[in-house]
Amino acid sequence: MNNRRTDRVFALGALTLIAVVWIVSAAREQADLMPIVRQTVPGAGHVVRQDGGVFSAWTDDTETELLARIAIGTGDGYGGPLQVAVAVDRFGVVIGAAIADEKETPAWMRRVMDSGLMSSLIGKSYRDEFRLGLDVDGVTGATCTARALADAAAMGSREAAENLGLPVEARRPPKIVFGIPEIVLILLFAIGFIGHQSRFPYPKQLRWLSMIIGLIVLGFLYNSPVTLAYITKLVLGYWPQWQTNLYWYFLIGGILFVFTVDNKNPYCQWCCPFGAAQECMGVIGGAENRTPLRFQRLLIWLQRLLALTAILLGVWFRNPGVASYELFGTLFDLLGSSVQFAALGLVLIAALFVKRPWCNYLCPIRPVVDLIRLTRQTVKERWQKKTTPAQAA
Amino acid sequence: MAEKDNTRASRLTDWIILVFVLVVMGLLVVDLGTNVMSTMERDRVPVSGK
């Protein structure tokens, strides 16, 4: 069996496996909310679920003294929807909150839970805006998760207050977030498009410009490179609110669009901040392209196997955050475990001598890119085979 | 002789790259495993005003 045929067979196998795990994990996802709801009002003797998914907490089962109404609010987290059970008293003041469901990277979630954010929700009124750093505590290094939690708490408190008959203003549509990362991303795609034109005389210089901008803005300033969690999120069907997640849509949509139309990868070689960091190390150490011919296929398959395992785990737990094993946050935010720092150190040292060792042998995005390319090629070939005899006739 | 040295050097480079990849991959698998364990054992942290 030649390599291309092997690739196709394994690609089909991988997609089938992902589909099977997706279906099985979807069937077991239904979580029982009652234990979490009870945690929000520990003093309640009796908690009942009402119509519309709101809960009532009473002192005892005579249902004479209402302690709180509890509603589940949802925010857009890094890995998908983040749900918070929020208990409000009859004046609409938050008296308890607990995480009902989340799909965040465990280290980031821990960071948020260890911060004062959850405690700062207590005492807030449903009328408050729950703005990070103003109404409630902000969390450095896990802004996306913290914002999702605050949004979910705000939504839950309003829903519970509304259920209590308190006057709740109609929710305003979220403001469209279009800032520096979005502008820079569009700029980088535009630079990549110009640089890929065969007539353009300075592609090398333009690629370096693009990489440096990517390294500074998408890397060190905003730490928002493409990760496997983005892909797993897509596979799981977690489409975040477009108004507040334009960056995600531009990034994933832009890459898929350019690939489909042009068969070119607009991201990895041109804007990926981690790739740029490795190339900078390579300039210092005089790195060269070294392909270990003897182990080439083995290394490709190991890289694919690791990426597939991570995707399957993310899908199985319905949690894209689990799937992310990249070292991007470790470099750009200096956040991570000792294991991650050890791996990052090895990668950066290797980058002094070998060009882009992470991208070539370890990055999970490369197998995904290979899969998109293979799918595109297969579809194109089948299409041509189907249309050519018809045209000839 | 020079050709033999080159072949030996290139073979050594191949092995070094393989060992590097296996070591880093091992660390990444440990990290992934830690994520999975945290997800499985995650306790819902309640916060109450009482």
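This is a predicted model: local features need pLDDT of at least 70, side-chain atom pairs count only at pLDDT 80 or more; totals for chains, interfaces and linings use all residues.

Student: How is the packing of two helices described?

Tutor: Two packed helices are described by the angle between their axes and the distance between the axes. The axes of helix 6 and helix 7 (residues 203-221) of chain A come within 10 Å and cross at roughly 165°. Axes are lines fitted to C-alpha atoms, for helices over the stretch in contact, and angles run from 0 to 180 degrees between N-to-C directions. Helices are DSSP runs of H or I with at least four residues, numbered from the N terminus.

Student: Which residues of helix 6 and helix 7 of chain A meet?

Tutor: Among them are A:Leu188 and A:Ile191 in helix 6 of chain A, and A:Leu206 and A:Ile213 in helix 7 of chain A; contact means heavy atoms within 4.5 Å. The residues of this contact divide into 14 nonpolar, 3 polar and no charged. Ala, Val, Leu, Ile, Met, Phe, Trp, Tyr, Cys and Pro count as nonpolar, Asp, Glu, Lys and Arg as charged, and the others, Gly among them, as polar.

Student: At what angle do helix 6 and helix 9 of chain A cross?

Tutor: Helix 6 (residues 180-195) and helix 9 (residues 246-262) of chain A cross at roughly 15°, and their axes come within 9 Å. These two helices are therefore roughly parallel to each other. Their contact includes A:Phe189 in helix 6 of chain A and A:Phe250 in helix 9 of chain A, and its residues divide into 9 nonpolar, 1 polar and 1 charged.

Student: How is the size of an interface often given?

Tutor: The size of an interface is often given as the accessible area lost when the parts come together. Between chain B and chain A about 3500 Å² is buried, of which carbon and sulfur atoms give 73%; the area uses a 1.4 Å probe and is summed over both parts. In this interface, 31 residues of chain B are in contact with 54 residues of chain A.

Student: How many salt bridges are there between chain B and chain A?

Tutor: The count between chain B and chain A is 0, whereas over all chains it comes to 8 salt bridges. A salt bridge is a side-chain nitrogen of Lys or Arg within 4 Å of a carboxyl oxygen of Asp or Glu. A:Glu381 forms one with A:Arg8, the closest N and O atoms being 2.9 Å apart. A:Glu381 lies in helix 16 of chain A and A:Arg8 in helix 1 of chain A, so the pair ties together parts 373 residues apart in sequence.

Methods: Residues are numbered from 1 along each chain as its sequence is written. Chains are lettered from A and ligands numbered from 1 in the order in which they are written. Side-chain values use heavy atoms; hydrogens and water are left out. Angles under 35 degrees count as roughly parallel, over 145 as roughly antiparallel, 65 to 115 as roughly perpendicular and the rest as oblique. Buried area is the accessible area (1.4 Å probe) that two parts lose on being put together, summed over both.
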